Structure formats: structure tokens, C-alpha cells
Amino acid sequence: MSTNVGNNVGNVELSFDRYLKYDELGAALRALVEAHPTMAELGTTGCSYEGRDIWVVTLTNRSTGPAADKPAMYVDGNMHAGEVTGSMVCLYLINYLLSRYGRDEEATWLLDHRAFYVCPRVNPDGAEKYLTTPFMLRSSVRPYPGPEVADMPGLVAQDLDGDGLIRQMRVRDDGRGEWKISVRDARLLVPRLPDDRHGPFYRLYPEGLIKDYHGEPFPIRESQWGLDMNRNFPSNWSQKLRGGGPYPTSEPEVRHIVDFILAHPNIGGLQAFHTSGGIIFRSPYVYPDEQMDGYDFATLKSLARRGTDLTGYPDVSSYSGPYAATIVDWAYEHRGIFGFTTELWDLMGRAGVKDMDYYGKPNPSPAETEAANLKVLEWNDRELAGQGFKEWTVFQHPQLGLVEIGGWDPKFVRQNPPPKLLEQECHKNALFPLKHAAALPELAVEQVEVRCGASGSGGLGIDDAVFAVEAVVANHGYLATNISKKALDIKGAPAVRVQVKLGPALSLLAGETVQDIGQLQGFRDGQGGGMWGTAPAHSAARCGWVVRLLDPTAPPEDRSISVEARQEKGGVVRSTVVVG
Ligand SMILES: [Zn+2]
């Protein structure tokens with residue numbers, strides 16, 4: 001696939017064949033914003049636990065209106081430390097829109113009519129540790145549950161052979177060993193069958209050293225970085241959630257996002273980029289699909305389908321796992337907006353494993369697992385010249401004696417795509433939030449008509465100086481202005497408000513200066529019955545006023561009427577006419 005996006009911006013070369021560290025990502029974002037000063041702004045949601053900036057790029061063409069007056073999409077990545085592909089997809093999205101403005105119809109329209117708030121690296125501390133050390137960690141570098149974890153005994157994962165990665169150790173143990181070498185590929189370990197008595201058998205550990213070693217048995221120590229930022233949002237939070245923190249929004253990175261989204265009520269859609277698996281997680285989180293409002297479920301599925309069209313990744317309910325208190329859970333339950341969590345990078349799918357997807361099949365048989373893993377090894381040999389898997393290599397372990405270290409590259413094969421496949425992953429996934437943004441509600445003042453009272457208008461006219469003014473306010477978006485039924489339930493959808501402003505040469509005789517006209521449906525709502533027997537959506541309303549022209553000789557600006565329509569999610573639009 002040629003995507004033609006790698007380019008130079010200022011003195012920074014943007015390429016999507018490697019993962020950027022904090023300073024490099026910051027330089028790329030600054031260069032992009034400096035190269036497009038009318039379209040992009042660089043800010044932050046706040047600072048991380050260790051004091052790094054959590055950048056947010058605001059994208060919109062400011063000459064067509066400020067970001068706050070436009071329907072907006074929030075996009076983030078890399079909330080989990082090692083899921084650095086998410087940052088690169090966000091960076092790709094920023095560059096894609098900016099570099100195509102004026103050349104590409106969709107990008108131009110989106111920047112003219114929408115705002116994007118893109119936070120490429122929610123968790124800069126964790127990402128930096130992941131990219132600059134051998135360590136793997138879930139999210140924050142803040143020790144959790146507490147610093148005492150670091151003093152507990154047991155095997156601590158670390159890079160012993162100096163290859164920069166923490167892989168696996170296998171230790172021969174014909175008595176207790178749980179694993180044996182596959183007869184089909186000596187690199188692969190398969191489960192020892194229930195009746196297997198003939199070794200060799202192996203025990204399998206993370207590569208590492210044992211703190212306070214006094215011989216076997218010893219525990220595998222839990223990570224000292226036990227926090228999970230995507231279980232720390234204030235929705236369906238519970239103390240039982242693994243890594244959920246001491247209370248919702250206890251982590252500064254999470255609190256900053258919540259504050260940011262609350263401070264930008266024009267955000268009507270949300271996209272979070274994670275890895276891995278090649279699926280699109282969606283609501284609901286703590287109840288099954290059947291218990292979700294039917295209208296909201298159908299809307300959510302119709303948006304998700306566009307993601308599947310673009311990426312090939314299926315949408316999956318988040319109810320199957322302990323996924324509560326995530327950003328998408330919060331966005332729907334507390335803001336009434338739809339969000340998606342894309343798990344980027346489908347290693348199994350790449351390797352041609354179609355019948356046993358990563359999250360799909362419960363309890364695959366040992367034979368099915370072996371067949372799938374063999375396909376991944378074959379793919380590694382074919383596509384990566386075998387470099388993704390380190391052959392088992394004898395190592396003199398200071399505590400366990402002779403062991404073998406080997407296995408998959410956990411970072412840039414398992415958790416993230418190998419660099420040469422990164423750009424493809426970025427391209428197809430960056431497109432989905434663009435479609436979601438295009439579907440947001442979008443107010444329009446379609447027409448403002450002025451009729452002189454003397455010429456008719458149902459007897460409203462009294463004399464030549466009296467005018468009837470009518471405006472049609474409409475929603476041109478796919479989604480309703482309230483977006484979801486949930487938003488109505490939680491009183492999170494203020495009405496569309498129409499306001500007239502009269503020039504000083506006019507006075508209002510009838511009609512309200514400010515009128516709330518409720519919600520306007522989107523074109524989604526006219527598709528309910530299928531082609532036959534459907535009814536068009538209620539996506540427009542007519543408002544009327546009667547005004548008197550006090551001074552027909554006044555300059556046009558003094559005789560003008562401005563009709564403004566605004567709603568949190570639908571944006572702010574105005575139309576002006578001159579009377580007389
Ligand atoms: Zn994640």
C-alpha cells in the first residue's frame with residue numbers, strides 16, 4: 001500500500017517506520033503545528049506523574065470558525081505504556097489532515113467543518129520507560145499498590161542476556177515441567193498432555209532474576225507498576241478492578257482527560273487507540289448488548305461498521321471482560337457520546353489465523369493453539385526473516401543454573417507491529433475517526449426569509465415598515481443533536497437554541513429573541529424503516545419573528561438580522577439578512 005504520507009515538516013522528517021520517543025514526538029508535533037499555524041494548535045491536557053507534557057493538538061481551520069463552535073472529535077493513543085502504535089496513529093492522523101488540506105476533498109471539509117482534539121500520548125512516562133528500557137509495564141510508572149512491591153521476594157522480570165528485551169526462560173524439569181517441545185517446530189512449546197510421561201519437559205518463566213532466592217519454589221513477583229489508567233475513569237469504577245487505582249481519576253493523566261473533555265462540551269465522538277488484537281471494542285461495558293437502549297445500540301453498530309469497512313477489524317462488546325471504568329465506558333454512560341477503542345495490530349490475522357482470532361474462541365484445543373502458533377512462526381520466517389523470534393539460547397543463570405532464553409520479541413512483534421508494517425496500520429486506522437467525525441450532528445441555518453408586511457404574509461403586515469422573518473434551522477449530520485438516548489436520560493443534551501440579533505434600526509414586534517427548539521434528528525433517523533414505509537427524519541424546525549424597520553435610510557448593517565443556532569454537539573452557525 002502506498003499512502004504517500006511520509007514527508008518533511010520544517011526540519012523534521014516525518015516517517016512512520018519507527019516509534020518516536022518523547023522528545024522526538026514533541027519535535028514532530030511542534031513542526032506540524034508551526035507549518036500549519038491557521039489549522040493546528042499545540043496545547044496540553046496537563047502534566048504526567050513525572051512532569052512530562054501530555055500534548056493535545058487542536059485541528060480546525062480557524063478561518064471558518066473557532067474549534068469550540070464546531071462539532072468535535074476527541075482522539076487519543078498510548079494510554080497503556082507499551083501501546084505505542086496508538087501514538088503513531090494519532091500523529092499520522094494529524095499529519096494526514098494537515099498535509100491534505102486544500103488537496104483532498106474530505107480532509108478539507110473536515111478541517112473546515114469539524115474540530116479534532118488529538119492527544120497522541122496520554123501516558124508519556126510509561127511510553128518513555130517502554131521505549132528506552134527493556135521493561136514492559138501496563139501504564140503508569142507510579143508504584144502501585146505501593147513502593148513495598150519492589151521489596152517483595154520472587155522472580156523479577158529483567159533483561160539478562162543484554163538483547164534489550166525481556167523474553168522467556170525455559171528450564172528443563174522432567175518431573176514438574178508443564179511444557180514440551182513441539183515435534184513440528186522446535187522453537188514452539190506446547191502444553192504437556194494430561195497423560196504425558198515421556199519428557200523432556202520444561203518449566204517456563206519470564207526472563208529475570210529472583211529476589212531473595214532460597215531455592216525452589218519461588219513466586220513470580222507482580223509488577224511494581226500495577227496501575228491501569230483505563231480502569232481509573234469515573235464510570236462503573238470499583239475497588240475490585242485490577243489496577244483501577246485507589247479511587248476514580250486518582251491518576252493525573254486520567255483526571256486531565258476527564259477535565260479536558262468536560263471543558264470541551266462540543267466533543268461528540270471519541271476514539272482511543274490501543275494494542276493489540278485487531279478488534280474494535282465498544283459499549284456496553286457492564287451489561288449485555290440486549291440491555292443497551294435499542295436505538296443507541298443500532299447507532300453504535302452503524303458507526304462501528306464503518307470502522308470494520310476500513311480496517312477489517314470486527315466490533316466487539318466490552319462486556320466480555322473486566323473492562324469497566326474505561327474512557328469509552330465513561331464517555332457513553334456519563335457524557336452520552338459514542339466511543340471506540342481500537343486494538344491495533346492483528347498479528348494472528350497477519351499470519352493467516354482466521355479460525356481462532358485473538359479474543360474470539362474460548363478454550364481452543366492444544367492442537368488448535370499449536371496450529372495457530374505454527375502459522376505465526378511461519379509468517380515470522382517469511383515476512384521478518386525469522387527476526388521476530390529469538391532461538392532458545394543456553395544461558396548460565398546465576399540462580400537457576402543452565403537455562404535457555406528465547407521467544408518472541410514482546411514489544412515490536414507481539415504488542416506492536418514490526419516497524420516496517422507500522423505505516424499500513426496507521427493509515428487504515430486513522431481513517432475511522434475521520435468517518436466518525438463526519439457523522440456528528442451539524443447545525444445549519446438553511447434559509448432566512450424576510451417578507452414585507454404590506455405584500456402579504458398572512459395578515460401579519462400592518463404597514464410597509466413591518467416585516468415577517470422566518471428561518472429554517474436544520475441538522476445536516478447523520479447523528480441527532482442529542483447523539484444518543486443515553487444523553488437524554490442523563491440530561492446531557494441541551495436543546496438547540498435559536499437567537500436573533502437585530503440591528504439598531506429594527507425593533508422586535510413578535511417572537512422570542514431566544515428560543516429553545518429541542519433536539520433535531522439526524523438523517524440516521526429517517527432510515528429506520530428501510531426504503532419502504534420509512535418517514536423522513538425530523539431534522540429541521542422553522543422559527544419566526546415580526547420586526548419593525550424604524551429607519552429605512554439606515555446603513556445595511558443597522559438593518560440586519562442575524563439568526564444564530566447553537567447546541568453543544570451541533571456547533572454554532574449564523575446567517576444574516578438585511579431588511580428593507
Ligand atoms: Zn490498552
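The axes of α6 (294-311) and helix α11 (residues 422-438) come within 9 Å of one another and cross at roughly 155 degrees. This is a predicted model, in which local features need pLDDT of at least 70 and side-chain atom pairs count only at pLDDT 80 or more, while totals for chains, interfaces and linings use all residues. Residues are numbered from 1 along each chain as its sequence is written.

**Exercise 1.** Classify the crossing of α6 and α11, and describe the residues that make the contact.

Step 1. Helices (H or I, at least four residues) and strands (E, at least two) are DSSP runs numbered from the N terminus, and axes are lines fitted to C-alpha atoms, for helices over the stretch in contact, with angles from 0 to 180 degrees between N-to-C directions.

Step 2. Angles under 35 degrees count as roughly parallel, over 145 as roughly antiparallel, 65 to 115 as roughly perpendicular and the rest as oblique. The axes cross at roughly 155 degrees, which makes α6 roughly antiparallel to α11.

Step 3. The crossing of α6 and α11 is right-handed, a term used if the near helix is turned clockwise from the far one by less than a right angle, anticlockwise being left-handed.

Step 4. On the α6 side the contact takes in L303, R306, G307, L310 and T311, which meet K428, N429, L431, F432, K435 and H436 in α11; two residues are in contact if their C-beta atoms, placed from the backbone, lie within 7 Å. By class, this contact has four nonpolar, four polar and three charged residues, where Ala, Val, Leu, Ile, Met, Phe, Trp, Tyr, Cys and Pro count as nonpolar, Asp, Glu, Lys and Arg as charged, and the others, Gly among them, as polar.

**Exercise 2.** Describe the side of domain 1 that touches domain 3.

Step 1. An automatic or database domain assignment supplies the bounds, giving domain 1 (37-131 + 231-345 + 434-438), domain 2 (148-224 + 364-415) and domain 3 (443-578).

Step 2. The C-alpha centres of domain 1 and domain 3 are 33 Å apart, and their contact draws 17 residues from domain 1 and 14 residues from domain 3.

Step 3. On the domain 1 side, α6 and α7 (327-335) each supply at least two residues, and α6 gives the most, with four residues. The residues of this side divide into six nonpolar, six polar and five charged.

**Exercise 3.** Which residues of helix α3 (residues 105-113) are buried, and what do they pack against?

Step 1. A residue is buried if 20 or more other C-beta atoms lie within 10 Å of its own, exposed if 12 or fewer, and partly exposed in between, with C-beta atoms placed from the backbone.

Step 2. In α3, the buried residues are L110, L111 and H113, and the buried residues of α3 pack against β4 (53-59), α2 (85-100) and α11.

**Exercise 4.** Are N236 and A385, each with a positive phi, buried or exposed?

Step 1. N236 is not a glycine, yet its phi is about 55 degrees; N236 lies in the loop between β12 (208-211) and α5 (252-263). With 20 C-beta neighbours inside 10 Å, N236 counts as buried.

Step 2. A385, also a residue other than glycine, has phi near 50 degrees and sits in the loop between α9 (366-383) and β17 (389-397). A385 is exposed, with 8 other C-beta atoms within 10 Å.
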